[in-house]
Amino acid sequence: MSGGTARAPVAERFEAVVAGAGPAGAVAALTLARAGRRVLLVDDRIGGPEAAQLKVGETLPPAARPLLHDLGLWADFTADAHLRSTGTLACWGSPELHGRSHLFDPNGHGWHLDRRRFDASLRDAAVAAGAELRQATVVKYLAHGTDRRLFIRHEGLVEELHSPWVVDATGRRAVIGRGQAVRRRQDRLMAAFALFPHPAGSGRAADEELRTLVEAVPQGWWYTARIPAGRLVAHLTDADLTDPALRTPQGFLARAGRTRHLRTRLAGYAPPATAPRWTPAHGLRLTPPAGPGWIAAGDAALAFDPLSSQGILTALHTGARAGHTVDLCLRGTPEALSAYTTFLTRIADAYRDHHAHAYAQEHRWQAHPFWRRRSRLG
Ligand SMILES: Cc1cc2nc3c(=O)[nH]c(=O)nc-3n(C[C@H](O)[C@H](O)[C@H](O)COP(=O)(O)OP(=O)(O)OC[C@H]3O[C@@H](n4cnc5c(N)ncnc54)[C@H](O)[C@@H]3O)c2cc1C
């Protein structure tokens with residue numbers, strides 16, 4: 001192994017190792033543990049300073065309700081202090097705001113999550129069901145026929161794990177899948193995001209606007225959503241079109257101030273205390289999403305442009321389905337793998353159509369590269 005690290009002497013055996021303990025990984029581990037499998041859930045960010053950082057991806061649509069019920073997670077979910085999400089307002093295709101309310105949604109309202117709390121609660125459920133949770137980085141996966149080894153590193157020590165199955169739930173990094181299949185990127189979308197905290201001494205109730213606001217601009221688009229800690233604001237654009245001003249809190253505030261509608265949501269909030277963070281936000285697809293001994297779930301298999309607001313829901317769905325598929329394979333039903341691939345293909349096809357349709361609604365800036373590229377993609 002690289003980097004002069006020592007290797008732990010004992011190779012541990014699990015029936016499945018789940019790499020990544022975001023929503024997809026936690027639910028995959030939960031499903032496997034409930035099926036009675038010896039499962040290890042590994043994540044590199046469950047402790048330490050990175051775990052305390054704001055995690056972007058905060059709005060859960062109403063359709064999550066039946067799934068959370070089915071997974072037996074509803075009671076824990078409602079006990080946490082997530083905010084209601086009542087719909088979306090969009091300035092998209094015209095300068096005016098158009099609304100879509102959850103009022104008539106059969107599942108009721110959605111949620112603006114305390115994302116760290118949400119992810120931790122899913123991990124807790126997996127552990128309560130019997131999964132073993134470990135803080136470590138997955139560094140390598142080697143497969144030769146039925147000899148499958150996963151190497152994880154913690155505090156400089158590399159450990160070798162033997163497991164017939166690994167679930168890649170490492171998000172867009174797809175640490176295992178990228179070596180087993182082809183990753184196709186949809187475009188070069190990036191997000192700069194910042195938290196506008198509640199001003200010191202203010203009551204949270206002051207801002208009662210619980211609808212997400214999306215606003216298209218010539219260089220891309222912005223969105224803002226209320227979250228328990230304040231207001232999350234993000235700017236989406238292509239990697240080669242990024243504005244350097246967005247790297248500082250002052251520049252981010254100034255650029256947000258040029259929007260027509262979004263800026264009005266920031267009244268009464270303190271400016272971001274830290275520099276905005278940048279993260280990839282493009283669609284991504286792993287083909288195939290599974291093979292003998294490995295399966296990808298969540299963003300590792302299929303990541304969406306955040307305009308869809310479907311990433312977490314899809315991570316929960318695919319995580320549960322991946323866990324179930326691994327259990328079936330361990331029971332001697334390998335056909336489950338192709339059913340999983342078909343399931344993901346259906347989701348990917350629907351996403352592609354919705355994405356093309358959504359971007360086709362905006363034609364005010366066709367000369368600008370950001371929109372010109374998307375009209376071609378559509
Ligand atoms: C700007 C932006 C806004 C978004 N907004 C929304 C939204 O409003 N609603 C929505 O539904 N979705 C949204 N999303 C998408 C959503 O955040 C993701 O789809 C979701 O987090 C995917 O869950 P996951 O479990 O697949 O991956 P993740 O949540 O990314 O979890 C992956 C885990 O794997 C761990 N990991 C990675 N590599 C390793 C390794 N080598 N070893 C060990 N562990 C590892 C990571 O630390 C992490 O904990 C947004 C995304 C972006 C970029």
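1. Start with the ligand. In this predicted model, 35 residues surround the ligand. Asp 43, Lys 55, Thr 59, Arg 115 and Asp 299 are the closest.

2. Next, look at single contacts. The side chain of Lys 55 places an N or O atom 2.8 Å from an oxygen atom of the ligand. Thr 59 uses its backbone instead: an N or O atom there lies 2.7 Å from a ligand nitrogen atom. Pro 23 also contributes through its backbone, with an N or O atom 3.1 Å from an oxygen atom of the ligand.

3. How much of the ligand does the protein cover? On its own, the ligand has 1,000 Å² of accessible area, and the protein covers 93% of that.

4. Now trace the shell to its elements. Those giving two or more residues are α1 (23-34), β11 (137-144), β20 (277-280) and α7 (311-330). The largest share, three residues, comes from α7.

5. Finally, step back to the whole protein. Its secondary structure comes to nine helices and 24 strands. The C-alpha atoms fill a box of roughly 60 × 50 × 50 Å along the principal axes. The radius of gyration is 21 Å, which agrees with the value near 21 Å for a compact globule of 378 residues. Of those 378 residues, 49% count as buried.

Conventions: Residues are numbered from 1 along each chain as its sequence is written. This is a predicted model: local features need pLDDT of at least 70, side-chain atom pairs count only at pLDDT 80 or more; totals for chains, interfaces and linings use all residues. Side-chain values use heavy atoms; hydrogens and water are left out. A residue is near a molecule or strand if one of its heavy atoms lies within 4 Å of it. A polar contact is a pair of N or O atoms within 3.5 Å; within protein, one must be able to donate a hydrogen and the other to accept it, and residues adjacent in sequence count only if both atoms are side-chain atoms. Accessible areas come from the Shrake-Rupley method with a 1.4 Å probe; for residues, only the protein chains shown count as cover. Helices (H or I, at least four residues) and strands (E, at least two) are DSSP runs, numbered from the N terminus. The radius of gyration is taken over C-alpha atoms; the globule rule is 2.2 Å times the number of residues to the power 0.38. Buried means under 20% relative accessible area, exposed over 50%, partly exposed in between (1.4 Å probe, protein chains only).
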